[in-house]
Amino acid sequence: MAHSIHVTVNGQPRTGDVEPRTLLVEFLREDLGLTGTHVGCDTSQCGACVVHLNGTAVKACTLFAVQADGQEVTTIEGLAQNGQMHPLQEGFKEEHGLQCGFCTPGMVMAAADLLESNPSPSEDEIRHALEGNYCRCTGYHNIVRAVQYAAEKMQEREPQPA
Amino acid sequence: MAQQIGQPVKRVEDKRFLTGKGNYTDDIVLPGQTYAHFVRSDYAHARINSIDTSMAEEAPGVIAIFTGQDLLDDGIQSIPTGWAIGDDMNEPPHYPLAVDKARYVGDAVAVVIAESKADAADAAEQIMVDYEMLDAVVDAREALNDDAPLVHDDSGTNLVFDWNLGEKDATDAAIEGAHHVTRYEFVNQRVIPNAIEPRSANGQWDAARDELTLYTSSQNPHLIRLLLCAFVWPDLPEHKVRIISPDVGGGFGSKIFHYPEEVVCAWATKQLERPVKWTAERSESFVSDAHGRDHHSVAEMGFDEDGHIVGLRVQTHANLGAYLMTFAPAVPTYLYGTLLAGQYKTPTIHVNVKGVFSNTVPVDAYRGAGRPEATYLVERTIELASKEMGVDPAELRRKNFIQPDEFPYQTPVALQYDSGNYEGALDKALEMIGYDDFRQQQKEAKQNGKLLGIGFSCYIEACGIAPSQVVGALGARAGLYESGAVRVHPTGKVEVFTGSHSHGQGHETTFAQVVSDHLGVPLEHVEIVHGDTDRVPFGMGTYGSRSISVGGSAIVKALDKVKDKARKIAAHKLEAAEEDLEFSDGEFRVKGTDRSVGFGDIALTAYVPHDYPEDVEPGLEDTAFYDPANFTYPFGTHICTVEIDEETGHVKLLRYVAIDDVGNIINPMIVEGQIHGGVAQGVGQALLEGAVYDEMGQPLTGSYMDYTMPRADDLPMIEVGHQVTPCPHNPLGVKGAGEAGTIAATACVVNAVIDALWDRGVRDIRMPLTPERVWRALHTGGDGALREAEPAA
Ligand code: FES
Ligand code: FES
């Protein structure tokens with residue numbers, strides 16, 4: 001009953017034989033050993049499992065692995081480029097946007113999606129965009145600041161039009 | 001070298017978490033891994049007539065199925081509680097898998113171990129348990145009725161203990177003779193801790209060496225080993241057991257306790273000689289992680305004509321759930337009753353607490369543990385009193401504060417506060433919130449039909465638990481010291497082994513800051529090791545905001561021993577007397593000269609002792625145990641403002657100001673983070689969270705679908721300020737900051753809502769203050785008769 005799937009994960013072609021009921025998050029964690037993506041609930045409400053599917057944030061516990069067949073997935077492990085941390089990763093560290101770190105990968109991936117579509121979000125927009133992600137440690141205060149930090153950094157680094 | 005203590009040093013642990021390289025228990029997959037799935041009771045109370053596993057045994061991938069009887073037959077004993085209240089506490093057995101009866105929805109009765117998680121879950125559905133349903137009891141007060149069903153038949157009662165503290169006669173007299181008495185009935189509802197990492201355990205038996213390794217998401221691996229080897233599994237020798245708590249995704253108390261699943265994974269791996277892993281699904285966490293709070297109390301506070309408190313009388317029913325967990329008996333007693341003086345000079349207090357069994361998930365420590373319940377009661381009562389007496393709430397508090405020159409201050413409920421400046425914190429908070437302006441705004445808003453409110457919470461906590469002798473006299477079955485070991489390597493790099501455990505608190509950074517300053521070595525040369533019983537000599541773990549004050553003090557003690565030895569070596573090298581040396585910036589220097597030797601040199605000499613003092617052993621490492629002299633007493637004032645939407649009953653938190661005095665601060669960035677997170681949990685209890693059971697004992701809040709926690713858009717920025725009164729009795733002058741926010745916030749928010757609605761006749765609303773409850777209170781006029789404001793179940 002296993003299905004063979006081909007998924008580009010963090011830029012690498014990966015294959016797997018999965019059952020129809022295997023969730024994308026299980027495929028990532030258990031078959032590929034990418035344990036940076038976490039599971040915090042069984043009702044698609046905590047956001048610990050957020051990854052990007054073709055560049056858009058999705059809850060990896062809400063998709064079956066077979067639905068990712070032929071698609072591109074980016075996980076927290078693939079966010080840093082050429083050894084250079086993503087501005088959000090920097091921002092979370094600089095602003096103490098994480099404590100236990102369990103919600104962090106999902107939080108960072110959700111925030112990355114926000115900054116993609118809205119490069120300079122207001123505090124309210126950040127809070128609204130992260131509403132699907134629970135953090136029990138930080139009270140969100142420093143998470144908001146981390147996203148603001150990253151937004152500023154990304155603007156600064158954006159090549160200015162000639 | 002720049003001083004590290006006091007600096008907002010960025011965390012060394014962040015890199016692994018931010019790149020997806022954390023190592024949580026469920027991330028660990030061992031060779032030959034098997035997976036456990038627990039069969040849990042769907043009934044709150046039921047006799048187990050039989051368990052038929054025959055079908056499940058044939059299911060694909062199944063390796064073994066065990067029931068409670070299998071464990072009993074092999075000598076597995078009851079999981080003990082760590083605290084006795086009185087000599088005759090009602091303490092029935094708590095077996096890892098229920099044997100005769102299931103006592104709450106979620107009580108585990110069997111376990112399936114299979115090749116995959118899915119196989120185990122599928123097979124579990126084929127286990128037939130023949131249950132005989134029994135009447136259940138959910139409410140603590142009802143559980144004491146004569147005709148209430150007995151949770152544990154042999155005890156003959158659901159009463160666990162009936163505990164008193166303080167002078168009853170004097171308090172009764174004070175209340176009878178008071179000029180004004182404020183009397184309220186408070187419910188501190190049951191909440192569910194909900195660390196975002198679900199609990200997980202993975203046991204691995206090494207048959208060639210007869211050794212057990214257990215990975216578990218715990219706040220205190222040594223305590224788990226002690227309970228497992230000394231009580232639960234007496235045939236398991238402690239020196240053959242290694243417990244590892246790797247990265248742990250939040251605890252908030254819920255990961256202190258020794259849980260049945262840990263016992264089962266540890267025991268089953270020995271039977272199967274293959275590793276056995278279990279990770280909770282979230283809905284399973286809801287019915288298997290210990291819950292918090294669940295008090296019903298009546299409080300009476302008496303005042304004289306001038307508004308001075310003359311006495312406080314409290315009667316509390318504490319629901320402990322179906323079994324006694326590790327700290328459960330201590331939470332509603334010694335961590336609660338002793339805090340009822342708050343920040344006030346209350347001449348006499350009496351509290352009676354009845355701890356009660358019910359057919360619900362066991363209740364134990366949740367962030368703050370007893371102290372939030374005490375603060376809620378004291379701070380709500382004094383605020384209501386101020387309104388009844390027409391006095392400004394800040395002024396009534398000010399009038400009753402213990403004054404800075406009155407410390408040490410002996411309260412009528414056992415504690416001796418060591419230091420404090422309560423008025424200082426209150427003034428700072430008033431200024432930060434702009435109190436007078438807000439009152440003005442509130443008046444104007446009222447004219448425009450808008451409902452604004454402001455609430456106070458002047459809290460105190462006793463933490464840094466605790467002096468072993470004191471807690472021993474109070475019924476603790478363990479000492480509550482901490483250990484620290486310092487190992488200096490030949491190259492001068494330092495490893496520190498601490499019995500504290502970090503599950504978000506950032507010890508790898510703060511403790512390294514302390515070490516760096518004490519030895520004058522760069523931060524990068526220090527590694528903090530925790531969470532592994534094979535690497536750390538011993539430890540009591542992290543809870544009760546004890547890591548820096550007890551664990552940090554143990555490290556300082558060990559550092560001092562290492563430094564004493566280093567001084568001897570330095571004296572030898574410099575050919576000087578020890579008294580003539582001074583230490584700074586990582587160097588011993590002969591006073592008044594430029595002759596010095598660096599710490600790195602000394603470390604090397606200690607391991608290459610060619611030219612060495614005669615009476616000194618080679619090597620440079622030492623261990624210390626620190627048993628605190630007293631509790632520490634963080635305190636502060638929190639003030640928040642709210643706006644209430646009359647149409648919907650929605651409470652909007654406008655501003656939240658927190659002034660905390662947690663003593664000296666090692667890393668302000670981390671302390672502020674702790675306050676933010678603590679406040680969020682306290683606000684959660686006030687506005688959103690609550691575990692609900694129906695009369696049959698079915699949990700109605702069983703997942704994130706129906707249990708609400710604060711999300712990013714439920715909270716404002718939290719404005720944090722500090723006041724520093726160093727703790728007088730530990731070497732760092734620290735008090736602990738992990739719980740302050742939660743202890744203060746709940747009362748603060750509810751007080752603000754009542755302030756907004758006072759003129760509309762609302763005196764109390766039962767938490768959580770959901771829009772529906774607030775709306776009903778507004779439209780029925782809450783006079784403290786809670787039931788009217790309560791939506792029908
Ligand atoms: S695991 Fe909670 S939303 Fe996916
Ligand atoms: S950092 Fe622990 S849950 Fe967010």
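Is A:Arg21 buried, partly exposed or exposed? With a relative accessible area of 41%, A:Arg21 is partly exposed (buried means under 20% relative accessible area, exposed over 50% and partly exposed in between, with a 1.4 Å probe and protein chains only). Before the views, a word on the model: it is predicted, local features need pLDDT of at least 70, side-chain atom pairs count only at pLDDT 80 or more, and totals for chains, interfaces and linings use all residues. Residues are numbered from 1 along each chain as its sequence is written, chains are lettered from A and ligands numbered from 1 in the order in which they are written, and side-chain values use heavy atoms, with hydrogens and water left out.

**View 1. A:Arg21 and its contacts in chains A and B.** Look for A:Arg21 in the loop between β2 (12–18) and α1 (24–31) of chain A. Helices (H or I, at least four residues) and strands (E, at least two) are DSSP runs, numbered from the N terminus. Setting aside neighbours within four places in sequence, A:Arg21 is in contact with A:Glu26, A:Phe64, B:Ala118 and B:Asp122, where contact means heavy atoms within 4.5 Å. The side chains of A:Arg21 and B:Asp122 are joined by a polar contact of 3.0 Å. A polar contact is a pair of N or O atoms within 3.5 Å; within protein, one must be able to donate a hydrogen and the other to accept it, and residues adjacent in sequence count only if both atoms are side-chain atoms.

**View 2. Chain A as a whole.** Chain A has 5 helices and 5 strands, and from the N terminus its elements run β-β-α-β-β-β-α-α-α-α. Its radius of gyration is 16 Å, close to the 15 Å that the globule rule gives for 162 residues, so chain A is as compact as a globular protein of that length. That radius is taken over C-alpha atoms, and the globule rule is 2.2 Å times the number of residues to the power 0.38. Along the principal axes, the C-alpha atoms of chain A fill a box of roughly 50 × 40 × 25 Å. Of its 162 residues, 55% count as buried.

**View 3. A:Tyr140, a buried residue with a positive phi.** A:Tyr140 sits in the loop between α4 (123–129) and α5 (141–157) of chain A. Its phi is positive, about 70°, although A:Tyr140 is not a glycine. Most residues other than glycine have a negative phi, and most peptide bonds are trans. A:Tyr140 is buried, at a relative accessible area of 1%.

**View 4. B:His296 and its polar partners.** Moving to chain B, B:His296 lies in strand β13 (residues 292–303). At 11% relative accessibility, B:His296 counts as buried. Its side chain makes a polar contact of 3.1 Å with the side chain of B:Arg141, and another of 3.0 Å with the side chain of B:Glu185. Not counting residues up to four places away in sequence, the residues that B:His296 touches also include B:Phe186, B:Val187 and B:Thr316.

**View 5. B:Asn194 in a loop of chain B.** The loop to find here runs between β8 (180–191) and β9 (200–206) of chain B. B:Asn194 has a phi near 60°, a positive value in a residue other than glycine. With 2% relative accessibility, B:Asn194 is counted as buried.

**View 6. Two cis peptide bonds in chain B.** The peptide bond from B:Phe407 to B:Pro408 is cis, with omega near -5°. B:Pro408 belongs to the loop between α10 (393–400) and β16 (409–410). A cis peptide bond also joins B:Met767 and B:Pro768, with omega about -5°. B:Pro768 is in the loop between α18 (740–757) and α19 (771–780).

**View 7. Chain B as a whole.** Chain B comes to 20 helices and 28 strands. Its radius of gyration is 27 Å, close to the 28 Å that the globule rule gives for 793 residues, so chain B is as compact as a globular protein of that length. The C-alpha trace of chain B spans about 85 × 75 × 50 Å along its principal axes. Buried residues make up 65% of the 793 residues in chain B.
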